[in-house]
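Thanks for making time this morning. I would like to walk through the charged pairs, and I will go through them one at a time.

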Amino acid sequence: MGSFSGGFINLYKKPNISSMQSSRPLKEIFTKEKIGHIGTLDPAAEGVLPIAIGKATKLIEFVLKDSKTYKATIEFGIETDTLDLEGKITRTKDTKHINEKLIKEKIKEFIGSIDQIPPAYSAIKISGQRAYKIKRKGENPKMSSRKIKVKNIHIINFIEKNINNSRPKVEVKIECATGFYVRSFARDLSYACKTVGTLTHLQRLSVSSLNIDNAHNIEEIIKNKQKILDFIIPMNELIQLPKIILLDHDISFIQNGKFIKINNYESQITTLDKDNNFMCVDKNENIACIAKIDAKEQFIKPFKVLI
């Protein structure tokens, strides 16, 4: 594979398989590289699953994750312990009053900065243990509310209760930031509508600049593994940080674990930027490191080195 050092792949995760299992076949191609996925999708869900390969695994936390889009279907009148169809039915409730006008009105309450309690069946750690593992033991993990951001939610389709459909359903498109649980939203929207509900289908349409239209099935990737680099997204394309273009001699400083004097780069660093992380690149836009600015000591201090 020549001088390949790392990058990302926009993988389309199929339903009924875990995120880890979805990316596992890539290990047969990238035998010497680390592989990680960005933002887990529930096994039943499908859609965009960004994969980090090689040195890109060091950059997972810096990928812009505050821009995600989902398409979800919520069925009213039924609730499960997992808040989706993977779980056991825990209760049912009347839905005679559920209509599109009511749902539209209640959806407004979930747009902006809101509080949300994650599902008990989730990978969130409680005292060092995954919440879903605690739940599987028959215990009830204490799930704390957290602030999340929702940019927009709109109704794609509303299906009323009829002869062929015993319960009303709504299909919505959600634009949100990291930390938003669609299963929790299905629960909370249903409660707001004075009933119960569960998530019956979930598809992630986008993460940052990666979207469903340019996502690749694992079969397609394996079939064309001789041209694997055609599927690779360069590391700098998904990292949305202020950029510093380094001089050649300073790159060797980074390689030797040294700090860089700020003198030659002041024109690239504004006062507003100084508290941020920076993406330091060479003249070819290859990422050399992620660094912090120490304005007091007048140094650029790398803390994630990729060269």
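By salt bridge I mean a side-chain nitrogen of Lys or Arg within 4 Å of a carboxyl oxygen of Asp or Glu, and please keep in mind throughout that this is a predicted model. Under that rule, the count comes to 15 salt bridges.

Let me begin with arginine 167 and glutamate 75, whose side chains form a salt bridge with an N to O distance of 3.1 Å. Because arginine 167 sits in the loop between β10 (146-159) and β11 (169-176), while glutamate 75 belongs to strand β4 (residues 68-76), this pair ties together parts that are 92 residues apart in sequence.

Next comes lysine 243, which is bridged to glutamate 285 with the closest N and O atoms 2.9 Å apart. Since lysine 243 lies in strand β14 (residues 243-245) and glutamate 285 in the loop between β16 (277-281) and β17 (287-294), the pair ties together parts that are 42 residues apart in sequence. Lysine 243 is partly exposed, with a relative accessibility of 35%, and glutamate 285 is partly exposed as well, at 27%.

Finally, glutamate 109 and lysine 106 meet through their side chains in a salt bridge of 3.6 Å, N to O. Here glutamate 109 counts as partly exposed at 48% relative accessibility, and lysine 106 is likewise partly exposed, with a relative accessible area of 21%.

Note on methods: Residues numbered from 1 in each chain as written. Predicted model: local features only at pLDDT ≥ 70, side-chain atom pairs only at ≥ 80, totals over all residues. Heavy atoms only, no water. Helix = DSSP H or I, 4+ residues; strand = E, 2+ residues; numbered from the N terminus. Buried < 20%, exposed > 50% of the residue type's maximum accessible area, 1.4 Å probe, protein only.
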